[in-house]
Amino acid sequence: MTEQKAARDAAPGASSTRAALGGWLEGPLPKDQEAGEYRGEHLGLPESGPGSLAGQGRRLGALLVDWIIAYLVVAAFGWHPSSAQGQWGVLAIFAAEHLVLISTLGFTIGKRLFRLRVGKLGGPLTPLNVIVRTLLLMLVIPAVIWDRDGRGLHDRLAGTVELQS
């Protein structure tokens, strides 16, 4: 029996704030439903190792590497990153990297370095999934709203999940 469940059983009506509020996207858990033992359990994913949900630190590290690569490509074109042309160029290169590499390989350079891949729950990853995911990622806000599994809103809406490889 988990400590959280033991605490709930010992004191009816008492629960942790996290259990009471649930994820941002799902809302609170019904009283008859237990919280998952680990992130990704209710998605049918393993707890750890290949195929399990990627942690936030590795995801952010991969994002940073991909952003730096886009920045370097823009600088190689001679555009100053603080100019309007450079800023839009970084965004365009970043989006193109995601669209091309995730559609064809399932990962970007940053994701590969951090041993991550993008997959689709219940089937193969399609170009439409990648387009929706990339467009939402470019908006930033959907990427920083996470559910209780740590999936960003951009992944949920695109039907994708970032996995360890």
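**Overall picture**

Guide: Of the 165 residues in the protein chain, 35% count as buried, and please keep in mind throughout that this is a predicted model.

Visitor: How many helices and strands does the protein chain have?
Guide: The chain has eight helices and two strands, and from the N terminus on the order of elements is α-α-α-α-α-β-α-α-α-β.

Visitor: And what share of the contacts comes from residues 24 or more positions apart?
Guide: If we take the contacts with a separation of 6 or more, residues 24 or more positions apart account for 62% of them.

Visitor: Which residues make up the largest nonpolar core?
Guide: That core has eight residues in all, namely Ala-70, Val-74, Val-90, Phe-94, Ala-95, Leu-137, Met-138 and Ala-143. Two or more residues are given to this core by each of helix H3 (56-76), helix H4 (84-104) and helix H6 (127-138), and H4 supplies the largest share, three residues. As general background, nonpolar side chains in soluble globular proteins tend to be buried together.

Visitor: What does Ala-143 touch?
Guide: Not counting residues up to four places away in sequence, Ala-143 touches Leu-137, Gly-152 and His-154; of these, Leu-137 is itself listed in the core.

Visitor: Switching topic, where is Thr-108, and is it buried or exposed?
Guide: Thr-108 sits in the loop between H4 and helix H5 (109-113), and Thr-108 counts as buried because its relative accessible area is 1%, with the cut-off for buried at under 20%.

Visitor: What does the side chain of Thr-108 make a polar contact with?
Guide: The side chain of Thr-108 makes a polar contact with the side chain of Asp-66, at 2.5 Å, and a polar atom of the Thr-108 side chain also lies 3.2 Å from the backbone nitrogen of Lys-111. Leaving aside neighbours within four places in sequence, Thr-108 is in contact with Asp-66, Glu-97, His-98, Leu-101 and Ile-102.

Visitor: Now the outside: which residues form a nonpolar patch on the surface?
Guide: Leu-64, Ile-68, Tyr-71 and Leu-72 form one, with about 400 Å² of accessible area together. Ile-68, one of the four, lies in helix H3 and is partly exposed, since its relative accessible area of 43% falls between the 20% and 50% limits.

Definitions and conventions: Residues are numbered from 1 along each chain as its sequence is written. This is a predicted model: local features need pLDDT of at least 70, side-chain atom pairs count only at pLDDT 80 or more; totals for chains, interfaces and linings use all residues. Side-chain values use heavy atoms; hydrogens and water are left out. A nonpolar core is a set of buried Ala, Val, Leu, Ile, Met, Phe, Trp, Tyr and Cys residues joined through side-chain atoms within 4.5 Å. Buried means under 20% relative accessible area, exposed over 50%, partly exposed in between (1.4 Å probe, protein chains only). Helices (H or I, at least four residues) and strands (E, at least two) are DSSP runs, numbered from the N terminus. Contact means heavy atoms within 4.5 Å. A polar contact is a pair of N or O atoms within 3.5 Å; within protein, one must be able to donate a hydrogen and the other to accept it, and residues adjacent in sequence count only if both atoms are side-chain atoms. Patches are made of residues with over 30% relative accessible area and no salt bridge: like charges are joined within 9 Å, nonpolar side chains (Val, Leu, Ile, Met, Phe, Trp, Tyr) within 5 Å. Accessible areas come from the Shrake-Rupley method with a 1.4 Å probe; for residues, only the protein chains shown count as cover. A salt bridge is a side-chain nitrogen of Lys or Arg within 4 Å of a carboxyl oxygen of Asp or Glu.
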